[in-house]
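Please read it alongside the sequence and the structure shown here.

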Amino acid sequence: MHRAIGRDIGGKRMANYLICSTPVHHHATPMIAIGTHLASRGHRVIMLSGSRFAQEIERAGMEFVAFEGRADFDDRDVPSYLPYRDRYRGMAQTQYDVQNIFVKTMPAQFRSARAILQRERIDAVLVDGAFGGISPALLSNAPRPPILAIGVITLTQLSRDTAPVGLAMAPSSSTLGRLRNRTLNALARTVFFRDTQRAAQEAFAEIGARRSSLFVMDISAAFDRFLQLGPATLEYPRTDLSPNVRFIGSLPTEGGGDLPSWWNELDGSRRVVYVTQGTIDNHDFDRLVRPTITALANDDVLVVVSTGGRPVESLGAVAPNVRVAEDLPTGRLLPLTDVVVTNGEFGEVQAALAAGSPLVVAGSTEDKPEVAARVSWSGAGVDLRTGTPSADAVGSAVRAVLADERYRARAQRFAHELAGLDTLAIIEKELATAVADRSAR
């Protein structure tokens, strides 16, 4: 039996929401934060994601449902779902990742979501922007609840003013630039992501959905509303931006744990460089953390390292000016930081900019090169254009950012822009508006 749509609590209309997220940390984490807020406001929230997030979702007051089949993978065990990744490089590796994480999982994602929609009365569906399993519902003429998406990675929408995602190229709206973009966008469809597009069509056929000409890397315009995280001015300008897109700012900064014993050293007497490889891509500190430590060992700075949950001892011996912790209250740390050195996870970059901290970015996987390119284009930091920079490259970039006040000035403008946006309130209002518009129709 279906539950009744919504309910009234204290005169306020409560809704039943379904949240769907790819079970990858930087996709699921922001969706869990949004679901937590909605549940705290009295809404009933069902969240569909990977089993590894079950306890976190349930602790937040939501109802958890796991994906069926291959859609339920653990992103911490990369070989289990990307067994042949090391065989590929560059664009081929990007295609391999996209196909196995987002495309070939679509049938199982769709069946899992459909089962919930068939047994529950859902007022609106909210998905992470790369959740392809909702595509058949988006493209069908059958009745459905409103479907909104959260852009948890950089915007991938094709445009006459930008090169396609994956190339990490600066935008251009000049005559020659638009010619370049038109050519590359066509190549993205027919050459670069041809195999990925074919895999998407096979996934649609498996589901029994009607064939679509929609480019698998360009579904943002199909949603009823696409709510893109991040400051609008960090994204490339598009004169043909789809009207369903709204930039909504950044989510509250995460990170916790007790204050380390050395916290009082962050007193402004020395400039602070914070380096992190996040909580997933942190198994090999030689990629970024150790080069940063080596580069700045003799500089008059305090290097603060988060191991992303790994034991502090796993980092080994460090220079005297280095302070290490497994987890740090980044909401308190970032305003005290002069430069953030990161591998380019979109949420970490947003948090740094919200605190007005300039960046040095070394990203090479997922959307990280695109994030790094936008940081450089915006003037808020330096793009090292690799995920494994040398110590010399990191040191030169950090010193350049410290020496040039324009980087911090640009980051602080982002902070001012983000401070004016209550992201969670915007999302709740957009959902309520979508539900009200559907009821009115």
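The largest nonpolar core holds 60 residues, of which Ile34, Leu126, Ile150 and Leu353 touch the most other members. The model is a predicted one, and a search of the whole structure finds 23 salt bridges.

**Nonpolar cores**
- Leaving aside residues up to four places away in sequence, Leu126 touches Leu18, Ile19, Cys20, Met31, Ile34, Leu148, Ala149, Ile150, Ile427 and Leu431.
- Apart from this core lies another one, of 46 residues, and its members include Tyr81, Tyr96, Leu155 and Met217.

**Salt bridge between Arg41 and Glu428**
- The side chains of Arg41 and Glu428 meet in a salt bridge, at 3.0 Å from N to O.
- Because Arg41 lies in the loop between α1 (25-40) and β4 (44-49), while Glu428 belongs to helix α15 (residues 423-440), the pair ties together parts that are 387 residues apart in sequence.
- Arg41 has a relative accessibility of 39% and therefore counts as partly exposed, whereas Glu428, at 9%, counts as buried.

**Salt bridge between Glu63 and Arg44**
- A salt bridge joins the side chains of Glu63 and Arg44, at 2.8 Å from N to O.
- This pair links distant parts of the chain, with Glu63 in strand β5 (residues 63-66) and Arg44 in strand β4, 19 residues apart.
- Glu63 counts as partly exposed because its relative accessibility is 32%, while Arg44, with a relative accessible area of 8%, is buried.

- Arg76 forms a salt bridge with Asp74, and the closest N and O atoms of the two are 2.8 Å apart.
- Both partners count as partly exposed, Arg76 at 46% relative accessibility and Asp74 at 24%.
- A network of salt bridges links Arg52, Asp74, Asp75 and Arg76.

**Second largest pocket**
- The second largest pocket has a volume of about 510 Å³, and its lining is made up of 26 residues, with Leu117, Ala137, Pro143, Arg144 and Pro145 lying nearest its centre.
- The elements that give two or more residues to the lining of this pocket are α5 (106-119), α6 (135-139) and α8 (194-207), and α5 gives the most, with 5 residues.
- Sorted by class, the lining of the second largest pocket has 15 nonpolar, 5 polar and 6 charged residues.

Technical notes:
Residues are numbered from 1 along each chain as its sequence is written. This is a predicted model: local features need pLDDT of at least 70, side-chain atom pairs count only at pLDDT 80 or more; totals for chains, interfaces and linings use all residues. Side-chain values use heavy atoms; hydrogens and water are left out. On a 1 Å grid over the protein atoms alone, a cavity is a set of points where a 1.4 Å probe fits but cannot get out, and a pocket is an open set with protein on both sides within 12 Å along at least five of seven lines; lining residues have an atom within 4 Å of a point. Grid points are joined across faces, edges and corners, and a volume is the space filled by probe spheres set on the points. Helices (H or I, at least four residues) and strands (E, at least two) are DSSP runs, numbered from the N terminus. Ala, Val, Leu, Ile, Met, Phe, Trp, Tyr, Cys and Pro count as nonpolar, Asp, Glu, Lys and Arg as charged, and the others, Gly among them, as polar. A nonpolar core is a set of buried Ala, Val, Leu, Ile, Met, Phe, Trp, Tyr and Cys residues joined through side-chain atoms within 4.5 Å. Buried means under 20% relative accessible area, exposed over 50%, partly exposed in between (1.4 Å probe, protein chains only). Contact means heavy atoms within 4.5 Å. A salt bridge is a side-chain nitrogen of Lys or Arg within 4 Å of a carboxyl oxygen of Asp or Glu.
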